[in-house]
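Subject: Structure for you to look at

Hi,

Here is the structure I promised to pass on. Please open it and keep it beside this email while you read.

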Amino acid sequence: MSTRPIGDHAMLSDCRSAALVTSDGSIDWLCLPRFDSPALFARLLDENAGHWSVRPARPVEVRRGYLEHSLVLETVFHGRDGTVVLRDALALGRGERGHALGTGSPGLLLREATCVEGRMTLEVEYAPRPEFGLVQPLMEPVPGGLVARGSANVLK
């Protein structure tokens, strides 16, 4: 079980599912496509149960918050040599408003890291573990990315 305090996590949601993000840029919990689906990232429960981290290679100051009127999480890493802004969100369906929020959610986790000043080396660890960490998927490179196949899940 994780020793990180629950208060160090921010929540992303598309009204059908949720992800928990640590202050150092790690997705430690994510169930897709629904809240009651088996977790793809479950490091919250076990250190080896999956995560996706995007974090600076060196110690930095961290500031984070949600963009106004949204569940888009913005984490700012400020180091000696530069500043990186990491934005995380779960995508909503096109044009969804009011009570329809979440009805057409595509089940997409969006992550964008942008260096806004100087330089910074980031470390990226992508370790999906479907079925609450019970499955270690096979990874296959594809043009523009990576596909993870494990259990009934295919992550693109």
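A residue counts as buried when its relative accessible area is under 20%, and as exposed when that area is over 50%. Between those limits it is partly exposed. Keep in mind that this is a predicted model.

I looked at the salt bridges. The count comes to 12.

Start with R43 and D28. Their side chains form a salt bridge, at 3.1 Å from N to O. R43 sits in the loop between β4 (39-41) and β5 (51-56), while D28 belongs to strand β3 (residues 26-31), so the bridge ties together parts that are 15 residues apart in sequence. Are these two buried or exposed? D28 has 3% relative accessibility, so D28 is buried. R43 has 13%, so R43 is buried as well.

Next, go to R111 and D88. Their salt bridge is 2.6 Å, N to O. This pair links distant parts of the chain. R111 is in strand β9 (residues 109-118) and D88 is in strand β8 (residues 82-90), 23 residues apart. Both residues are buried.

Now try R34 and D36. Their side chains meet in a salt bridge of 2.5 Å, N to O. How accessible is R34? R34 has 41% relative accessibility, so R34 counts as partly exposed. D36 has a relative accessible area of 56%, which means D36 is exposed.

Last, find R4, D8 and D24. Salt bridges link these three residues in a network.

Best wishes

Methods
Residues are numbered from 1 along each chain as its sequence is written. This is a predicted model: local features need pLDDT of at least 70, side-chain atom pairs count only at pLDDT 80 or more; totals for chains, interfaces and linings use all residues. Side-chain values use heavy atoms; hydrogens and water are left out. A salt bridge is a side-chain nitrogen of Lys or Arg within 4 Å of a carboxyl oxygen of Asp or Glu. Helices (H or I, at least four residues) and strands (E, at least two) are DSSP runs, numbered from the N terminus. Buried means under 20% relative accessible area, exposed over 50%, partly exposed in between (1.4 Å probe, protein chains only).
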